[in-house]
Amino acid sequence: MEQANTPTLELVATIEDRQRLLAMKHEIEKQIDAHTATIKAELIAVGQDTYDAGDYTATLTVRDRATLDKTELVALGVSTELIKRATKVSTYVQLDVRARKM
């Protein structure tokens, strides 16, 4: 992608607004995580997996997520070439915005 030498004021404002919103999002996520931990702890403490909270129902569910360990596969005799052929690759464009070091 080509970078313009002189970004427009609108682009600068949009980048700054994005970063301000991102900071707010991180703060909200911290609060949500704290509430989630409290709710989980309370439900576990009282031995319930479901709680009716009026307009909302909180439910604890145990879930598993399985992943393949490439190192373990190689140790079990699977070739790295076979692992590469079976590996799904997704390509996407990512935007990274960082504060300038001064």
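**Exercise 1.** In this predicted model, determine how Lys30 and Glu27 are placed in helix H1 and how far apart they are along it.

*Solution.* Lys30 and Glu27 are both part of helix H1, 3 residues apart, which is about one turn of the helix. Residues three or four places apart in an α-helix point the same way, because there are 3.6 residues a turn. The two side chains form a salt bridge, with an N to O distance of 3.7 Å; this falls within the 4 Å cut-off. Lys30 has 56% relative accessibility and counts as exposed, whereas Glu27, at 37%, counts as partly exposed.

**Exercise 2.** Find how many salt bridges the whole structure holds, and describe the pairs Lys25 and Glu29 and Asp17 and Arg20.

*Solution.* The search of the whole structure gives 3 salt bridges. Lys25 and Glu29 meet at 3.9 Å, N to O, and sit 4 residues apart in H1, about one turn. Lys25 is partly exposed at 43%, and Glu29 is partly exposed at 34%. Asp17 has a relative accessible area of 34% and Arg20 one of 43%.

**Exercise 3.** Compare the span of H1 with the expected value, then state what follows the helix.

*Solution.* H1 has 37 residues and reaches 54 Å from first to last C-alpha, close to the 54 Å expected at 1.5 Å a residue. After H1 comes Gly47, with a positive phi near 70°.

Technical notes
Residues numbered from 1 in each chain as written. Predicted model: local features only at pLDDT ≥ 70, side-chain atom pairs only at ≥ 80, totals over all residues. Heavy atoms only, no water. Helix = DSSP H or I, 4+ residues; strand = E, 2+ residues; numbered from the N terminus. Expected span 1.5 Å × (residues − 1). Buried < 20%, exposed > 50% of the residue type's maximum accessible area, 1.4 Å probe, protein only.
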